[in-house]
Amino acid sequence: MGDECCSTQLIDRDGNFNVEGLEKFTKDVRLAECGLSYAVVSIMGPQGSGKSTLLNHLFGTNFREMDAFKGRSQTTKGIWIAKSIDIEPCTIVMDLEGTDGRERGEDDIKFEKQSALFALAISDIVLINMWCHDIGREHAANKPLLKTIFQAMMRLFSPRKTTLLFVIRDKTKTPLEYLDLVLRADTQKIWIALPKPQVHKETALSDFFTVEVTALPSYEEKEEQFKDQVAQLRQHFFHSISPGGLAGDRQGVIPASGFSFSAQQIWKVIQENKDLDLPAHKVMVATVRCEEIANEKFSRLTSDEGWLELELAAQSGLVSNFGRRLGSILEFYLSEYDAETIYFDESVRTAKRQQLESRALNYVHFSFQAMLRHLHSKAFNNFKSHLEQSLNSGKGFATSVHACKHASMLDFDMGLKDLALKHTNWDASKVRDKLQCDIEAHVAFICSAKLAELKAAYESKLTKTLSEPVELLLEAAGQDTWASIRQLYRLETEKAASAFSTSISGFELDKETCDMMILDLKDYARSVVEKRAREEAGKVLMHMKDRFSTVFSHDKDAMPRVWTGNEDIRTITKDARTAALELLSVFSAVHLDDKQDKIESALRSALLDGGPVSQNRSIDASVDLLASSTWEEVPPKNTLITPVQCKSIWRQFKTETDYTVAQAISTQEAYRHNNKWLPPPWAIVAIAILGFNEFMLLLRNPLYIVGLFLVFVVSYALVAQFDIVGEFRHGMVSGFLSLSMRFLPTVMSILRKLADEGYRHHQPPQPTHPPPLMTTQSFRGQEQRQVPHSGSLSSS
């Protein structure tokens, strides 16, 4: 039983507080777990009145008792504390040093007053042990004790209500009711006579104390009866703090976890001889204990395995149910705090709880911010991937953006709900706004890229549909060339602009932007035409020569022209130059507008009027018209070839085409010269009629045909060998002389070749020589090679 009650000296006779002993005592009896469900009982009385004996029998403690055989002396020194055995609720028992002891003397009453004040400050029930024979006596031992108790009560700034249980020892035959009345009357008389501070002048005794009276027989004379009545009295201490119990109306109870600290501070204040403000002391104890508990809970939170695991996971990526898991960890420690501080002053524990919660939230806020960053990253990446997939599937840009943005923001908001903690005001609006800004920036970037890609595609299409056709139209330039180009340009431009407008409608751009982009596309189409026109204008001289050659060398049926001497070369040359001049006028400027100009007329009057015969006069006349760098009624930006450049190009053109005209004239003269000995048609008809009989003779006698053929071959060979036309070109006399000198050697050479050919023809075939047919073929080949030679002479 001694081990269970854990009796410990709380304060020694010199007033030293046993802090370590009290801490050990509270841990051994597990006092902190009791909350408010505990009671403190102390006993006061004269020295040697049997206080320790009463407590041991009443509560099962093991306080040291006086040895009657050694005489009456001081047994309990200072204040001792122990736990009652088998009484609910937990009851702490304090045994105070007896009063009126000879060991301290009459003048040393300081410790008596301090211990009395200490007992009143922390006890719920104070047992006043007194002798029965002192009741009703003016100078009894209980009178100084009651004065000491009441004086101590006056020192309490706001006294708590305490139960005073008078235990009358060694009861006589006097009825208890009479003793109760006398004791209450004496107590009231002492209370009234006691000097009080102004604030308590009218305060009744019942406001401070609940007075109870009981009596016990003599322990030495009637021990068994004493034990029986003590056992009955013991029952009153069960559930003593419940309504109707001995301490059922107690006030200002310190929670059990703060009992040790409270006792230390109260004794410290008493020793400093200061007035003891119990409400302030209660707040002070609550503040210290709540702060200690809060610090202990925060320390456990920072080392909690669940939190450390959650913190590590939050740094690497999103954690599912982050808010719920973190909230459960915080709630666990806050609940423990609430459970351990529930009995302390409400305002204090609430304030400390708020501080603990704020401190814990600040500690975990870094992980919350990390989760917000992961959530932002996930939502933004999902938006980009979903937008790309949506655009690749063919959906409209604006529709895809709205749908993907709504989905991403919804995912972000759902993620925020998963991260949210109860009773927190963490603001995630900045992260949400940043997500929106990042999405808008990405949308703007993708929109620009898609529009640029779309524009490039339509520009490429326009280049393809305009560049080559314009080149072909310019190569075949004529009166309607620019009209055709304008029609092609407008048709393709309007078609592309319409399709482009439909394509960008899905981007939901404002009308001004759409109009500007369509205008840029039309400008690009115009630039394609102008670029191609400038490229072809750089080759205008080549085109002019090709056009001249085409018109000059081909007739109206596009057949190659044969210069027979009947053609009017002057007219043909003029027509060809007119066609070339028309081409030059087409290449001189861009005519994509419907405006008319006078370029062609200016070129005709300056370069063509007067014909090729009056070339010098025509060039002199053109000085005033073409001595300019711009065309009349043509903007400089549309000018491809300036008037001065046209004049220079025309001079070069005429220089390079004059040779072609001269060649045509020479060919025509040669043809006329070669064909001047041919008989007239009527002579040919007369010869055919008159020579009919001879012709029939030839048919009847083939030898004549063979002979004529031989004569023709020899004659043709002679003509080819002598180059008769070339010889007579220098005159008749020189021609005859030259032919006569070469005639006999040439005939002999021809006959020798014929003989050699005939000899080889009659030789038997040899393996290493070709058959006779090859000789004939070789001859024919030689003959054929001579024919072109003759033809070249004829053409010359």
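A residue is called buried when its relative accessible area is under 20%, exposed when that area is over 50%, and partly exposed in between, with a 1.4 Å probe and protein chains only. By that criterion helix 9 (residues 259–271) of this predicted model is mostly covered, since 10 of its 13 residues are buried. The model is predicted, and local features need pLDDT of at least 70, side-chain atom pairs count only at pLDDT 80 or more, and totals for chains, interfaces and linings use all residues. Residues are numbered from 1 along each chain as its sequence is written, and side-chain values use heavy atoms, with hydrogens and water left out.

The secondary structure of the protein chain comes to 29 helices and 7 strands, where helices (H or I, at least four residues) and strands (E, at least two) are DSSP runs numbered from the N terminus. Of the 796 residues in the chain, 42% count as buried. With contact taken as heavy atoms within 4.5 Å, residues 24 or more positions apart account for 73% of the chain's contacts with a separation of 6 or more.

The buried residues of helix 9 are F259, S260, F261, S262, A263, Q264, Q265, I266, W267 and I270. Helix 9 reaches 18 Å from its first C-alpha to its last, close to the 18 Å expected at 1.5 Å a residue, the expected span being 1.5 Å times one less than the number of residues. After helix 9 comes N273, whose phi is positive, near 60°.

Two helix pairs are set out below, with axes fitted as lines to C-alpha atoms over the stretch in contact and angles running from 0 to 180 degrees between N-to-C directions.

| Helix pair | Axes come within | Crossing angle |
|---|---|---|
| Helix 19 (residues 569–587) and helix 23 (residues 643–674) | 11 Å | roughly 155° |
| Helix 3 (residues 51–59) and helix 8 (residues 223–235) | 9 Å | roughly 65° |

Helix 19 and helix 23 are therefore roughly antiparallel to each other, a term that applies to angles over 145 degrees. Helix 19 meets helix 23 through residues including I569, T573 and R577, and the partners in helix 23 include W650, F653 and D658. The residues of this contact divide into 11 nonpolar, 3 polar and 3 charged, where Ala, Val, Leu, Ile, Met, Phe, Trp, Tyr, Cys and Pro count as nonpolar, Asp, Glu, Lys and Arg as charged, and the others, Gly among them, as polar.

In the other pair, L54, H57, L58 and F59 of helix 3 meet F226, K227, V230, L233 and R234 of helix 8. The residues of the contact of helix 3 with helix 8 divide into 6 nonpolar, 1 polar and 2 charged.

Note on methods:
Angles under 35 degrees count as roughly parallel, over 145 as roughly antiparallel, 65 to 115 as roughly perpendicular and the rest as oblique.
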